[in-house]
Each structure stands twice: as structure tokens, then as C-alpha cells.
Amino acid sequence: MSNNPEFDDLKQALCEAIQDEYKACATYRLIIQKFGPIKPFVNIIEAEKRHIQALMPLFIRYNIPIPEDDWETRIIPPDSVQEACEQGVKAEIENGEMYQRLLKATSNYWDCTKCVLKFATCIPRKPFTRL
């Protein structure tokens, strides 16, 4: 499988997806540490954790090493709740766009991969609009 370009696309897509979820989870975790358990971040971090857990079986199924999560050491939390929300909206929109691109890149994997990638596009953007 390693010499298969379609498999390489899948591997790259899964790694990009999980890295993005790791980054989001670390960002929201640091925001909560800095500003307390405020909405929408306490809700969204749970969704990010579910996305990570949904991706894990695909790494196992396709025998792809699960990337390390080192994002907490790479993130600087925003200075204010307002800035956190603005960054959150931008990140969630980019996340949705990324998943749409990854769905196209992995179009030959119509099994559970599609289901998981589609599940992860169910991103909680609405909570940010209520602030």
C-alpha cells in the first residue's frame, strides 16, 4: 500500500486532519485554562476530542502511525476572550474548508473514512455567533 498514490493521499489527509484537531483541542484547552470554563469553548473542546477519537480507528485500520500531539507546547493563548472568539471563528471556518478538501482528496476511500471525515465537518460554529 505504501507505493499507492491514493493511499499516500489518505495518509496525508488523516495526518492533516488529526493535527488540525490536536491544534484546536490544545488551543481551546489553553483558553479555558486562562479564562476559565467559559462557553463556547467548554462545549467545542468536547467536540474536538470526539473528532480525534473518531479519527484514531482509521489510523489503526490502515496501519498508519498516529502522529504525536505536541500542540500545547506550540500554542500561545489569546490575550482576551474577544480575541479567542475571533480566532475560534476563523479556525473553525478553516477547519470546515480543510475537511471539504480532504473529502475530495480521499474520494476513493468510500468506507468508514468518508463517514469519519464527514462527521468531523459537523463543526460547532453557531456558539461563536451568540457572543
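A pocket is an open set of grid points where a 1.4 Å probe fits, with protein on both sides within 12 Å along at least five of seven lines, and its lining residues have an atom within 4 Å of a point. The exercises below concern a predicted model.

**Exercise 1. The largest pocket**

Task: State the volume of the largest pocket, and describe its lining by residue, element and class.

Solution: 
1. The volume of the largest pocket is about 400 Å³.
2. Its lining consists of 19 residues; nearest the centre lie Lys 23, Thr 27, Gln 87, Ala 91 and Glu 94.
3. H3 supplies the largest share, 10 residues.
4. Sorted by class, the lining of the largest pocket holds 8 nonpolar, 7 charged and 4 polar residues.

**Exercise 2. The largest nonpolar core**

Task: Find which residues of the largest nonpolar core touch the most other members, and which element gives the largest share of this core.

Solution: 
1. The core has 31 residues, and those touching the most other members are Leu 14, Ile 18, Tyr 28, Phe 41 and Leu 55.
2. H1, helix H2 (41-61) and H3 each give two or more residues to this core.
3. The largest share comes from H1, with 14 residues.

**Exercise 3. An aromatic pair**

Task: Classify the aromatic pair of Tyr 28 and Phe 41 and locate its two members.

Solution: 
1. The structure holds 1 aromatic pair.
2. Its members, Tyr 28 and Phe 41, have ring centres 5.6 Å apart and planes at 45°.
3. Planes under 30 degrees apart would count as stacked and over 60 as edge-to-face, so the pair is tilted.
4. Tyr 28 belongs to helix H1 and Phe 41 to helix H2, 13 residues apart, and the pair thus links distant parts of the chain.
5. Tyr 28 and Phe 41 are both buried.

**Exercise 4. A loop proline**

Task: Locate Pro 67 and decide whether it is buried or exposed.

Solution: 
1. Pro 67 sits in the loop between H2 and H3.
2. The relative accessibility of Pro 67 is 16%, and buried means under 20%, so Pro 67 counts as buried.
3. Between Pro 67 and Met 56 the C-alpha to C-alpha distance is 10.0 Å, at a sequence separation of 11 residues.

Technical notes:
Residues are numbered from 1 along each chain as its sequence is written. This is a predicted model: local features need pLDDT of at least 70, side-chain atom pairs count only at pLDDT 80 or more; totals for chains, interfaces and linings use all residues. Side-chain values use heavy atoms; hydrogens and water are left out. On a 1 Å grid over the protein atoms alone, a cavity is a set of points where a 1.4 Å probe fits but cannot get out, and a pocket is an open set with protein on both sides within 12 Å along at least five of seven lines; lining residues have an atom within 4 Å of a point. Grid points are joined across faces, edges and corners, and a volume is the space filled by probe spheres set on the points. Helices (H or I, at least four residues) and strands (E, at least two) are DSSP runs, numbered from the N terminus. Ala, Val, Leu, Ile, Met, Phe, Trp, Tyr, Cys and Pro count as nonpolar, Asp, Glu, Lys and Arg as charged, and the others, Gly among them, as polar. A nonpolar core is a set of buried Ala, Val, Leu, Ile, Met, Phe, Trp, Tyr and Cys residues joined through side-chain atoms within 4.5 Å. Buried means under 20% relative accessible area, exposed over 50%, partly exposed in between (1.4 Å probe, protein chains only). Rings of Phe, Tyr and Trp (its six-membered ring) pair if their centres lie within 6.5 Å; planes under 30 degrees apart count as stacked, over 60 as edge-to-face and the rest as tilted.
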